[in-house]
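Please read these points with the model open beside you.

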Amino acid sequence: MKKSWVLSFIMSFVLLGGVFAPAGSYVAAADDSTATYSEDEYYEIDTSEEEPELTAEEEDFLNYLNLLDTASVYEEKAFNALGGGFYITSSNRKSVFLKLTNTAIPNYTKYVSKLKLIKPQNAELQKIHANLIKGSYTQLEGFQLAKKAVSKTTVNSAVLKQANAKIDAGKKNIEKFHKELSAYANKLGYDF
């Protein structure tokens with residue numbers, strides 16, 4: 001709780017930085033007047049009550065969260081293509097196949113690849129991250145099986161059942177990851 005403001009600040013900066021940063025340059029470009037700087041307008045900032053420097057563990061954690069945020073773009077595209085889930089019937093089989101083939105599987109594959117590139121320095125965080133990779137990769141296998149199940153003119157219900165089992169198993173590993181990551185964040189003093 002004591003350091004929740006750091007995480008809030010960073011996430012606010014990341015999320016709102018793109019909105020506010022360009023505005024200043026556009027306003028400055030539109031302003032034809034020449035700005036002058038007066039030393040009377042300079043104010044010193046009292047830094048005597050600053051929080052202590054981040055530990056290596058905290059810094060690794062925040063870097064890890066930033067890398068996850070970068071990778072999650074592909075995960076979001078994959079799940080948006082599926083519309084939050086998919087109920088497969090013979091009438092929507094072809095559209096589900098196209099969504100899986102053209103958008104969901106390629107983006108989820110990129111997501112899993114990005115996750116594999118993330119290498120936290122902390123051993124505990126590495127163990128937690130391994131659950132995310134395992135769960136995400138298992139879900140990817142499930143999506144590929146679902147694609148196979150709907151690739152023919154009739155839905156192969158046996159393969160679809162295997163796909164759903166893989167997706168559910170992956171979901172359990174991802175839920176375990178979220179629980180462990182939350183506990184790790186709380187241990188470091190962050191509200192998660």
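Is Glu124 buried, partly exposed or exposed? Glu124 is partly exposed, because its relative accessible area is 36% and the partly exposed class lies between buried (under 20% relative accessible area) and exposed (over 50%), with a 1.4 Å probe and protein chains only.

1. Basis of the note. This is a predicted model, in which local features need pLDDT of at least 70 and side-chain atom pairs count only at pLDDT 80 or more, while totals for chains, interfaces and linings use all residues. Residues are numbered from 1 along each chain as its sequence is written, and side-chain values use heavy atoms, with hydrogens and water left out.

2. Surroundings of Glu124. Glu124 lies in helix H4, which covers residues 123-149. Leaving aside residues up to four places away in sequence, Glu124 touches Tyr184 and Lys187; a contact here means heavy atoms within 4.5 Å. Glu124 and Tyr184 are 60 residues apart in sequence, yet their C-alpha atoms are 8.4 Å apart in space.

3. Overall make-up. The protein has five helices and zero strands, and its pattern along the sequence is α-α-α-α-α. Helices (H or I, at least four residues) and strands (E, at least two) are DSSP runs, numbered from the N terminus.

4. H2 and H3. Helix H2 (residues 56-82) packs against helix H3 (residues 93-117) at an angle of about 160°, and their axes are 8 Å apart. H2 is therefore roughly antiparallel to H3, a term for angles over 145 degrees. Axes are lines fitted to C-alpha atoms, for helices over the stretch in contact, and angles run from 0 to 180 degrees between N-to-C directions. H2 passes H3 in a left-handed crossing, meaning that the near helix is turned anticlockwise from the far one by less than a right angle. Among the residues in this contact are Leu68, Ala71 and Tyr74 of H2 and Leu100, Ala104 and Tyr108 of H3. By class, the contact has twelve nonpolar, three polar and five charged residues. Ala, Val, Leu, Ile, Met, Phe, Trp, Tyr, Cys and Pro count as nonpolar, Asp, Glu, Lys and Arg as charged, and the others, Gly among them, as polar.

5. Asn63. This residue of helix H2 is also worth a look. Asn63 counts as partly exposed, at 41% relative accessibility. Asn63 and Ile118 are 55 residues apart in sequence, and 9.8 Å separates them in space, C-alpha to C-alpha.

6. H3 and H4. The axes of H3 and H4 come within 10 Å and cross at roughly 160°. That makes H3 roughly antiparallel to H4, and the crossing is left-handed. The residues that meet include Phe97, Ile105 and Val112 in H3 and Leu132, Ile133 and Phe143 in H4. This contact divides into 13 nonpolar, six polar and two charged residues.

7. H4 and H5. Helix H5 covers residues 157-188, and its axis comes within 7 Å of the axis of H4, with a crossing of roughly 160°. H4 and H5 are therefore roughly antiparallel to each other. Their crossing is left-handed. The contact of H4 with H5 has 16 nonpolar, nine polar and nine charged residues.

8. Whole-chain totals. Of the 192 residues, 31% count as buried. Among contacts with a separation of 6 or more, 80% join residues 24 or more positions apart. The accessible surface comes to about 12900 Å², and 56% of it belongs to carbon and sulfur atoms; such areas come from the Shrake-Rupley method with a 1.4 Å probe, and for residues only the protein chains shown count as cover.

Methods. Parallel < 35°, antiparallel > 145°, perpendicular 65-115°, else oblique.
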